[in-house]
Amino acid sequence: MELGKLPGFLARRLVKAVLVVLAIVVCNFFLVHAAPGDPASVMAGQAGAADPLFLEQLRRQFGLDQPMHVQLWIYVRSVLSLDLGFSHRQQMGVAALIAERLPATLLLTGAAFAFAVVGGVTLGALAAQRVGRWADSLITVLALTFYATPLFWVGLMLVLVFSVWLEWLPSFGMNSVGLGLTGLAHVLDVAKHLLLPALTLGLFYLAVYARLTRATMLEVQDQDFVRTARAKGVPEGRITRAHVLRNALLPVITFAGIQAGQLVGGSILVETVFAWPGIGRLAFEALLARDYPVLLGVFFCTSVIVVLFNLATDLLYALVDPRVEVA
Amino acid sequence: MRDFWRRYRRNKGAVVGLVVLVVVIIMAATAPWLFPGSPWDMASAPFLPPGEMDMLLGTDSLGRDVAAGIAHGARVSLLVGAISTVVALSIGVTLGAIAGYLGGWVDDVVMRFTEFFQTIPSFVLAILLVAIFTPTIRSVVGAIAVVSWPPVARVVRAEFLSLRGREFVQAAEVLGKSRLSIVLGDILPNALSPIIVLASLMVASAILLESALSFLGLGDPNLMTWGFLIGSGRSVIRLAWWMSVFPGVAIFLTVLSLNLVGEGLSDALNPRLARTR
């Protein structure tokens, strides 16, 4: 894309992103009101058991005696000023709770995503070059397996093999308790704890990206510009890297954008299995306590992450592929 | 029909998948006779490893038979998978048909709505829905349906867009048929094959989704499910690996067989596509 057109393109995408976020807030609002029982007790997170003073305060804060559209306006305004409510159970603001847990989740999903992209593209490229050989069959088996295996079960099986039987890797938490490690030792310790959860979360996407890379590489390999490059005497390795692989990456970017939501959703399961202290684990704890403000906050926050990620992939796509229409 | 079966049979994986699926369905149907009584009742001593004291797959922390749990869980998994797919199909087909047939601004609005549902983290929404409406089989089915209709709407819309301009539809319009009868009687039957293939894959992902929900403790508390079995085995995995391994294998085999059947259906229903591949 011409760089001059980029600001307009970005502006349109930003408007769309803002609309999606607004729609999510409205969605949350209606969920609270659709829930059986008094909206105030839903927001208090303790159906029937909340203390009356707190309920009264919530009723006043959210104007629950006012008409519906006024309530909606109050709710939207408070969420957009990042007031996600208060967790009565944890005695803490929901926004603060999420902010505290967010880095761990970003680390986990980031590591899983990087593993999936690097591993998947490599495996896919290998398979495309040697159709019918080991890498090719491996991809088919991996894809069939991980399309059919529940994520949390993969995690449990990895724990069983690598923590219980082989005793190589820790099975829960983010760092060893009570060692007080610092510096490099701390980083290594976290990396060791990160390995199994990131693998669990990433394996499915690795299979997806490998299949995708293989399919597009096979498609691109037969196209005219590759034949031209070959005729010009460009070395085969360079053709693969500069011409074929580069074009094959585009669908991977598209898919990564589409699946961002799934990745974040999957982290709830993985964090639950491995007791990883991120927002997924927070959501699970909130679930057990039926702490609705926290659940609604997690839904809002993960949606925003996905929207931001989509924005990033749109931008990346526009920069990588000159053919993308600005319309 | 015979032609269809011949093309289906050519895909070996799909045949294996069908056999496995039939076995799972028989297991679900005969669970009350194979394992009489409630799967929640104590059957033997707790933590028996597989094979001991006539317990084929071992017992859990309360002495419940894991095999009985799996057989009874199959009923719930298949039922939830099937019903939520039917509900999701009815939402997706309706919206997709409206968007594809009417086009214009209606199409725009419906597709933005669909995109919205595809953007948001669907699993988080499913959790939220089940938690707020309290876990019952209805809320679980509803939540799964709400998050799985968008692909149907997209596929149906695309089919309707391409079929709407065909001669047989124009002929029906000239004959003065009502819109509804054209949509239901002329276009929809011609758009069925991709919907059928998609449906088999949707049952598979619905089963995965249900197991994830009940693993998190969001299953119907009165029903034995595979996800619940794995969830209850999680904390004692060091003591009793069989509690979480076998139910997972059951999910894997069922979902894999559905995916394979889906591939076979796709080959059999789109013969041209299968040959060029």
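Predicted model: local features only at pLDDT ≥ 70, side-chain atom pairs only at ≥ 80, totals over all residues.

A crossing of two helices is called left-handed if the near helix is turned anticlockwise from the far one by less than a right angle, and right-handed if clockwise.

**Confidence**

The model scores ipTM 0.84 and pTM 0.86. For chain B the mean pLDDT is 85, with 95% of the residues at 70 or more. Within chain B the lowest confidence falls in helix α13 (residues 271-276), where the mean is 51. The highest is found in helix α6 (residues 137-148) of chain B, at 92.

**Fold of chain B**

Chain B has 13 helices and zero strands. The C-alpha trace of chain B spans about 75 × 45 × 30 Å along its principal axes. Chain B has 277 residues, and 50% of them count as buried. Of the contacts in chain B with a separation of 6 or more, 69% are between residues 24 or more positions apart.

Two packed helices are described by the angle between their axes and the distance between the axes.

| Feature of the pair | α3(B) with α4(B) |
|---|---|
| Residue ranges | α3(B) 66-102; α4(B) 104-119 |
| Approach of the axes | within 7 Å |
| Crossing angle | roughly 145° |
| Handedness | left-handed |

On the α3(B) side, the residues that take part are L95(B), I98(B), A99(B) and L102(B). They meet G104(B), V106(B), D107(B), V110(B), M111(B) and T114(B) of α4(B). By class, the residues of this contact are seven nonpolar, two polar and one charged.

**Interface between chains A and B**

How many residues of chain A are in contact with chain B? There are 38 in chain A, and they touch 31 residues of chain B. On the chain A side, at least two residues each come from α1 (6-34), α6 (134-148), α7 (151-165), α10 (236-274), α11 (279-289) and α12 (292-320). The most is given by α12(A), with 10 residues. The side of chain A that touches chain B is made up of 30 nonpolar, seven polar and one charged residues.

Key. Residues numbered from 1 in each chain as written. Chains lettered and ligands numbered in written order. Contact = placed C-beta atoms within 7 Å. Helix = DSSP H or I, 4+ residues; strand = E, 2+ residues; numbered from the N terminus. Nonpolar A, V, L, I, M, F, W, Y, C, P; charged D, E, K, R; others polar. Axes fitted to C-alpha atoms, helices over the stretch in contact; angles between N-to-C directions. pLDDT = per-residue confidence, 0-100. Buried ≥ 20, exposed ≤ 12 C-beta atoms within 10 Å, placed from the backbone.
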